[in-house]
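I am opening my notebook on a new structure.

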Amino acid sequence: MNKEKIKWGIIGLGNIAHQFAKDLMLVEEAELVAVASRNLGKAQEFAKNYDCKNAYDSYDAIMNDAEVDILYIATPHNSHAALTIKALQNNKKVLCEKPIALNYDDALQMINASKANNQFFMEAFWTRFNPSFREAFSKIKNGEIGEVKFINADFAFTADKLGGEGNRKTDIELGGGALLDIGVYPLFLSYVLLGIPAEILAKSIFHESGADLQTSMILQYENAQAVLHSSFVSKSNMTATINGTKGTINLNSLWHEAQSYTLVIDNKKEEHPLPTKGKGFTYEIEECHHCIKENRIESELWSHQNSLDLIKIVDEVRSQIGLEYSS
């Protein structure tokens, strides 16, 4: 596998799958060989756009394609667990879009399936592999801004067409809501830098469907706090600020796909531009390849335990705001 291309399949062909496929074409050792949608015409058009030879109208069919090494699952949240487990049982490696699942129990089953079948599995938290994030994270861990005391991060935009059945943003049956769709990003940032909080306070405003339209969260740590926000109904600056006892790091807008970060110490600003290759999915793709070549079933940078920790935090926020899903 070191010399051959790693062959990818994609399940679920919405907007994020298009962005992923474009970046996949920028990774020299990657090849898109199959795509699947419940609509054959959609699958065929997607395949044509990205020079992919196989288009399926069945998820089972792509899982049975012997040529596929790894599947990227980009379907609505409620289907992540079932599709990932089935793919792993079919001896496919899996990169599954975030959030990993609707809840901790489903996530644990996915990870157990990865271990039982000895197949690589990773939640697609692409921000973890972003060059600006990695360099800023390294500086923070090395103590350049001192002890982290406060994090302020949000992910908010004005979404179109929030109503209607089948809308992944607000359909409660699909795992809709700002928390699971975008609130996981600020929670991820706080978790990676500060770990699991001692206490969480959260409040939401809801859509008539029962999905949250905006959620604000305070994460309390022993010696630090994080104030986080996600919303479908208003815009934000989309800059993440990490304040320490010696200085500050700003992940510049749009922080979850940052092209740069700013280091501020003693009122002196240093800009650190680190433009991504493509949109930035390239780095999580390369991490998948690295793990596959090393015969690993998980990444050291975003491990199974990291995913479990994060979804446990999300579950607590859901409990605080009263957000319930049927599955």
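**Entry 1: the cavity**

I looked up the lining of the largest cavity by class and found nine nonpolar, no polar and no charged residues. Here Ala, Val, Leu, Ile, Met, Phe, Trp, Tyr, Cys and Pro count as nonpolar, Asp, Glu, Lys and Arg as charged, and the others, Gly among them, as polar.

I note that this is a predicted model, where local features need pLDDT of at least 70 and side-chain atom pairs count only at pLDDT 80 or more, while totals for chains, interfaces and linings use all residues. Residues are numbered from 1 along each chain as its sequence is written, and side-chain values use heavy atoms, with hydrogens and water left out.

I looked up the terms: on a 1 Å grid over the protein atoms alone, a cavity is a set of points where a 1.4 Å probe fits but cannot get out, and a pocket is an open set with protein on both sides within 12 Å along at least five of seven lines; lining residues have an atom within 4 Å of a point. Points are joined across faces, edges and corners, and a volume is the space filled by probe spheres set on them.

The lining of the largest cavity includes F133, F137, L189 and I249. Its volume is about 30 Å³. Helix α6 (131–141) gives the most to this lining, with four residues. Helices (H or I, at least four residues) and strands (E, at least two) are DSSP runs, numbered from the N terminus.

I found about 840 Å³ of space in the largest pocket. Of its 33 lining residues, N15, I16, R168, K169 and D181 are the closest to its centre. Its lining divides into 13 nonpolar, eleven polar and nine charged residues.

The second largest pocket holds about 150 Å³. Which strand gives the most to its lining? I found β2 (residues 30–36), with three residues. By class I noted six nonpolar, no polar and four charged residues.

**Entry 2: the sheet**

I read the strand order of an open sheet of six as β3-β2-β1-β4-β5-β6, with parallel pairing; two strands pair if DSSP finds at least two bridges between them. The edge strands, β3 (54–56) and β6 (121–124), each pair on one side only. Four bridges join β5 (residues 93–97) to β6, and L95 has M122 as its bridge partner in β6.

Helix α4 (residues 80–89) lies across β1, β4 (70–73), β5 and β6, at about 170° to β5. Contact means heavy atoms within 4.5 Å. Axes are lines fitted to C-alpha atoms, for helices over the stretch in contact, and angles run from 0 to 180 degrees between N-to-C directions.
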